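Here is a short tour for someone meeting this structure for the first time. Have a look at the sequence and the model, then read on.

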Amino acid sequence: MRRTGTTRRGALTATGALALGAVLTGCGGGDETADGGKRAHSGARAAAAKTERTLREKAVRDGALLLARYDLVAEAHPATAAGLAPLRAAAVEHGKALAPPRAKDGRKTGPAPAAPGPVSADPKTAVKELATAERRRADAYAEALLNAEPELARLLASVAAAAAAHAYLLTELAEERAA
């Protein structure tokens, strides 16, 4: 004779299905406002966009200052210009990649960077100072990763790694100049 009615297995299956349904409906838009959640998400997006723009503008200003320092060292010590040229070119590309989108009217935003300080008269010291500037740049970008959105964080990590490599290569170039 076959048993009819509710079995323990059927009750557990039904309870599990009800619990799963409750969990799935609870995962829906809990942070929505009366207008469908548009305001709650747009405020967070606006804050993230402002943070990204600020990080990008600072990175571009720092990069412009570094480029000016490259130019000053190459001008003051022409024998180092050939060794500095590929690193300077890479720094230019980093600046292009980090640049924030232009304003709608096509103007660049943010103040112009301050002029870099004087360059040492000794070529080895001047190149070592450039290596120190690259190291500071790498550290600053690594620190900025903490506040960046994922896409910008990946870009900053890449540029920080390149700046660290530049610092190493500049240190080697300085030692080569000393020999």
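## Ground rules

Helices here are DSSP runs of H or I with at least four residues, while strands are runs of E with at least two, and both are numbered from the N terminus. The model is predicted, so local features need pLDDT of at least 70 and side-chain atom pairs count only at pLDDT 80 or more, whereas totals for chains, interfaces and linings use all residues. Residues are numbered from 1 along each chain as its sequence is written, and side-chain values use heavy atoms, with hydrogens and water left out.

Let's start with R53, which sits in helix α2, a stretch covering residues 38-76. R53 is partly exposed, at 26% relative accessible area. On this scale buried means under 20% relative accessible area, exposed means over 50%, and partly exposed is anything in between (1.4 Å probe, protein chains only). Follow the chain for 48 residues from R53 and you get to P101, yet in space the two sit 8.3 Å apart, C-alpha to C-alpha.

Now for H77, in the loop between α2 and α3, the latter being residues 81-98. H77 counts as buried, with a relative accessibility of 8%. What does H77 touch, leaving aside its neighbours within four places in sequence? Taking contact as heavy atoms within 4.5 Å, the partners of H77 are V119, S120, A121, D122, P123 and A126.

## Helix α3

Helix α3 is made of 18 residues, and from its first C-alpha to its last it reaches 25 Å, close to the expected 26 Å at 1.5 Å a residue. That expected span is 1.5 Å times one less than the number of residues in a helix. Which residues of α3 are buried? They are L84, L87, A91, H94 and L98.

Two of these names come back when we look at H166, a residue of helix α5 (residues 150-178). H166 is buried too, with 7% relative accessible area.

## Salt bridges

Side chains of opposite charge can pair when their charged atoms come close. A salt bridge here is a side-chain nitrogen of Lys or Arg within 4 Å of a carboxyl oxygen of Asp or Glu. How many turn up in the whole structure? The search finds seven.

One of them joins the side chains of K96 and E93, at 3.4 Å from N to O. Because K96 and E93 are three residues apart in helix α3, about one helical turn separates them. K96 is exposed, at 56% relative accessible area, and E93 is partly exposed, at 45%.

Are they buried or exposed? E134 is buried, at 0% relative accessible area, and R137 is buried as well, at 6%.

K128 and E175 also make a salt bridge, with 3.3 Å between the closest N and O atoms. This pair links distant parts of the chain, with K128 in helix α4 (residues 123-144) and E175 in helix α5, 47 residues apart. K128 is partly exposed, at 35% relative accessibility, and E175 is partly exposed at 36% relative accessible area.
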